Amino acid sequence: MIAYILATCVPGNEKETISKIKEIQNIVEVNGVMGKYDVFVKIQADDTTKIDTAISKVRNVPHITGTVTMPAIYGQGGTIDDE
């Protein structure tokens, strides 16, 4: 299973926020982004409980002010390598 999170954080705290997110189990990618959101997070795990736990932990990272969570729908798309 895969889920994506777009997060906003307190300005000037992006690097610290990304560093904290990297410590969370099942996080496979974290990047700073520009625009409406500040941080992109990719979560991958073998069951929904682990995904839910990781989402909860990301949402509780200090300086995170808001999140949008997007679970992936299997069978619709994938990586270019999968096609």
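In β3, the bridge partner of Ile 5 is Val 41, while in β4 the residue standing opposite Ile 5 is Thr 69. This is a predicted model, so to speak of local features a pLDDT of at least 70 is needed, side-chain atom pairs count only at pLDDT 80 or more, and totals for chains, interfaces and linings use all residues. Residues are numbered from 1 along each chain as its sequence is written, and side-chain values use heavy atoms, with hydrogens and water left out.

(Strands count as paired if DSSP finds at least two bridges between them; strands are DSSP runs of E with at least two residues, helices are runs of H or I with at least four, and both are numbered from the N terminus.) Seven of the eight residues of β1 are buried, so the strand is largely enclosed by the rest of the structure. Here buried means under 20% relative accessible area, exposed means over 50%, and partly exposed is whatever falls in between, using a 1.4 Å probe and protein chains only.

Zooming out, four strands make an open, antiparallel sheet in the order β2-β3-β1-β4. The edge positions go to β2 (27-32) and β4 (64-71); each has a single partner strand, so one side of each is left without a neighbour in the sheet. On average, neighbouring strands are turned by 20° against each other, direction ignored. Axes are lines fitted to C-alpha atoms, for helices over the stretch in contact, and angles run from 0 to 180 degrees between N-to-C directions. Helix α1 (residues 14-22) lies across β1, β2, β3 (39-44) and β4, and runs at about 175° to β2; contact means heavy atoms within 4.5 Å.

Two helices and four strands make up the tally for the chain, and they come in the pattern β-α-β-β-α-β along the sequence. For 83 residues, a compact globule would have a radius of gyration near 12 Å, and the chain's 13 Å agrees with that; the radius is taken over C-alpha atoms, and the globule rule is 2.2 Å times the number of residues to the power 0.38. Along the principal axes, the C-alpha atoms fill a box of roughly 40 × 25 × 15 Å. Buried residues account for 31% of the 83. Of the contacts between residues at least 6 apart in sequence, 67% join residues at least 24 apart.

The loops hold a few details too. Asn 13 sits in the loop between β1 and α1 and is buried, with a relative accessible area of 16%. A polar atom of the Asn 13 side chain lies 3.5 Å from the backbone oxygen of Pro 11. Most residues other than glycine have a negative phi. Asn 26, in the loop between α1 and β2, has a positive phi near 80° and is partly exposed at 22% relative accessible area. His 63 has a positive phi of about 80° although it is not a glycine; the residue is found in the loop between α2 (48-59) and β4, and is partly exposed, with a relative accessible area of 30%.

Notes
Polar contact = N/O pair within 3.5 Å; in protein donor to acceptor, adjacent residues only side chain to side chain.
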